[in-house]
Structures are given as C-alpha cells and as structure tokens.
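Here are a few notes to read alongside the model. Keep the 3D view open and look for each spot as you go.

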Amino acid sequence: GTPAVCGHAKITSYQPWGSSTYHGWANQLTRRFTNGLLFNGSYTWSHDIDNSTAEVFSTYSTPRRPQDSTNLNADRSSSALDHRNRITLVMLYDEPFFKKSNALLRNVLGNWEIAPIYTYQTGTVWDVQSGIDANLNGDTAGDRAFVNPNGGNTNIGSGVTGLTATSGPNAGQTVAYVVTNPSAGYAEAPKGTYPTAGRNTMRFNPIDDIDITATKRIAFTERYNLEFSARVLNVFNHPQYTGGFLNDIAPTGATGTVQHLVFEPQSSLFANLPAAFSSNPRSMVLSLKLLF
C-alpha cells in the first residue's frame, strides 16, 4: 500500500515561568459625610515591571511572546499593567435643603444628589512591532522593531531599504539595510534580523476624565421610592485615545487591520492613535428605579 504522509504542525508550549516586581505609594484624603457633603481624594504612584504579560498574544497592543525563548529576562520592562500615576477625586453632595419640609416641597425641590468624579491615569504601554517574523522562529505574532539611534522622533516610523552586494561571492544578495526615513525613531525589522527595540516602549494617551452623576428621589411612602438618575461620561468631551474604555476594563474588540498598523513603524498609520481608536466621546446613561 501507499505509505501515509505525515504533516508538520507547530507546537507551542506555555510554561509557568515569569517574574514581576511592583513598587507603589498610595495616599488618601477623606472628608467624612457632613452636612450632606463627602469628599475623597487619592493618589497612587506605582511601577509594575515584568517579563511576560500577555505572552499568549491576547492583545495586539502588547502581544509579545519572548523574542528569545531562552532568555526571558531580555524582555523585562514596564508591564502592560503599569500605570505610573493615578489620581481620583470623588465628591458626593446630598442636597440638604427641604429635608424637613412637607412632602410636596421635599419631592419637587429636594432629594437631589450630585456626584462628580475626576480620574487621571498614566497611559497604557504598547509595543512597537514589525508585523514580521524577523527572527524566523515561526511565531505568527510579529517581532519588535529596530531603534534608529540617529532618529530624533519616536512618533515617526520607517521601513528599510535593502543593500545588495555588487561583487564577490555574495553579489546580488542583501547584505545590509538602511532606514528609509533617517528622522524616524523606529524602523521595521525585516526577516532574518534581530530587533533592538525593547518591550513596551510607547504609551497610549492618559485618561484625563470627568464624569458626573445626578440622582433625584421621589418618596411616595416610607417604603416606596422612585429614583431617576443621569450619568454623563466625559462631561467636557475631551478626546482620549486610550486604547480602551475610560470607565470599564471590558475588551474593546479593536483587533482589526487598522489597529494593528498603528503599532508598525513601516506603516503610514504608525503612532496615529486617532486613526484606529475611539476618542471616548461624551455619553449619557439614564436610569429609572422603583425602590421598595
């Protein structure tokens, strides 16, 4: 009979190896609830360092498996979870007027609650990546890029031009690469090269956001209350290209071609965050609850 032909499949193994270090300093200032007013302010400085966040390619922005699987510490850098500064200011004002008035005044003019929140957070890191299997290890998640030591702007990327030998035994073969745009801070890493850019060297814009919630309660009896609330997110409609949501850690689904090109220096969209990510525009959520 005809012998069976065995196909070749790549085997990827994920080992429980990795290390991380977290340094943090947290402060909090609280004004306890008095005369209808509560205030809480907090500030955290931290630095999260690791060598293996998201190594299973669970995100496009920092998808790196180790560039050298035999030297995991070469990937040690600021973590994808690193947010160096975070400031949160919260105020709750339960309007105290008309509390002792008759039911009509209390329900029409009183029973208002206002809660503004201000949040500032250092942006999330992302990888500059070539989208090419530069080190030829068969990994479909492309390797990182080259740092151009003569380039002055890390927000500018460039492709490379191959130089071929004109004589000798290697005539006609590519022997070196030249950065196409000398001003670029990063350059594409072609196949057969070992990129020099570190892991997680760029950052998204910070979160710099004000939200406000206003709540109105109407009491029908001691037991039954109707509560209407309006929550406005990003009150001042400040464009914030954070690579995610301002108030939620849910996935954005931003994994399309355009988003990927933002991370590649040879692309015309390199570092152009507005071309690929939402500005998180102002939005409003209205709710009505019957409480009993």
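1. First, the ground rules. This is a predicted model, where local features need pLDDT of at least 70, side-chain atom pairs count only at pLDDT 80 or more, and totals for chains, interfaces and linings use all residues. Residues are numbered from 1 along each chain as its sequence is written, and side-chain values use heavy atoms, with hydrogens and water left out.

2. Now the sheet. Three strands make an open sheet in the order E7-E11-E8, with mixed pairing. Strands E7 (146–147) and E8 (153–158) stand at the edges with a single partner strand each, so one side of each has no neighbour in the sheet. Strands (E) are DSSP runs of at least two residues, and helices (H or I) of at least four, numbered from the N terminus. Two strands pair if DSSP finds at least two bridges between them.

3. Next, the two pairings. E7 and E11 (residues 184–187) run antiparallel and are joined by two bridges: Phe146 stands opposite Ala187, and Val147 is opposite Tyr186. E8, in contrast, pairs with E11 in the parallel sense, over three bridges.

4. Finally, look at helix H1 (residues 103–108), where you'll find Val108. Val108 is exposed, with a relative accessible area of 52% (exposed means over 50%, buried under 20%, partly exposed in between, with a 1.4 Å probe and protein chains only).
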